[in-house]
Amino acid sequence: MLSGERFVTAEGEGGPAAAGMTADGAAETPAAVPGAGMVADSGGAAGPQSRTSDIVPGPGGVMTDEVGVVTGDLTLRTEYADGKVTLRVQYKDAAEWYVVTGTSVALADPAGLDAVHGVAVGLLHRPEG
């Protein structure tokens, strides 16, 4: 916005535009702005996504909500859906998936899924013990 420009709200002319906020922090009347709030070229990135890796946990195994500790050759899946990330494991090539205890947490940006999965693999994959 150029110096001295003013904007018009539903209530009439106002002061300099402040990205929809007033000086007291109250939201201005919403404006129709195409694409507002959207991630550029998201390609559906906000929808459900997952990453998988085969792992071999250390001697203590991996604690799950459903069946307790699982050990041996496992597959780790890091899932993102509805603003949350969840880690699940399964015995390699089995059908059942189990939630890794304590791993369903908020993830504000789905772009962080790869990083979360990398950290999870780094923490859980301990083939040497």
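**Layout and charged pairs**

Analyst: The chain has nine strands and one helix. This is a predicted model. Starting at the N terminus, the order of elements is β-β-β-β-β-β-β-β-β-α. Of its 129 residues, 24% count as buried.

User: How many salt bridges does a search of the whole structure find?

Analyst: Side chains of opposite charge can pair when their charged atoms come close. Here the search finds four salt bridges.

User: Which residue forms a salt bridge with D114?

Analyst: The partner of D114 is R51, with the closest N and O atoms 2.5 Å apart. Since D114 belongs to helix α1 (residues 113–124) and R51 to strand β3 (residues 49–55), the pair ties together parts 63 residues apart in sequence. D114 is partly exposed at 48% relative accessibility, and R51 is partly exposed at 26%.

User: Where do K92 and D54 lie in the chain?

Analyst: K92 and D54 form a salt bridge whose closest N and O atoms are 2.6 Å apart. K92 sits in the loop between β7 (84–91) and β8 (98–99), while D54 is in strand β3, 38 residues apart. Relative accessibility is 37% for K92, which counts as partly exposed; D54 is partly exposed too, at 44%.

User: Is E79 buried or exposed?

Analyst: Buried means under 20% relative accessible area. E79 has 17%, so it is buried. Its salt bridge is with R88, at 2.7 Å between the closest N and O atoms. R88 is partly exposed, at 23%.

User: Which residues are linked in a network of salt bridges?

Analyst: The network links R77, E79 and R88.

Definitions and conventions
Residues numbered from 1 in each chain as written. Predicted model: local features only at pLDDT ≥ 70, side-chain atom pairs only at ≥ 80, totals over all residues. Heavy atoms only, no water. Helix = DSSP H or I, 4+ residues; strand = E, 2+ residues; numbered from the N terminus. Buried < 20%, exposed > 50% of the residue type's maximum accessible area, 1.4 Å probe, protein only. Salt bridge = Lys/Arg side-chain N within 4 Å of Asp/Glu carboxyl O.
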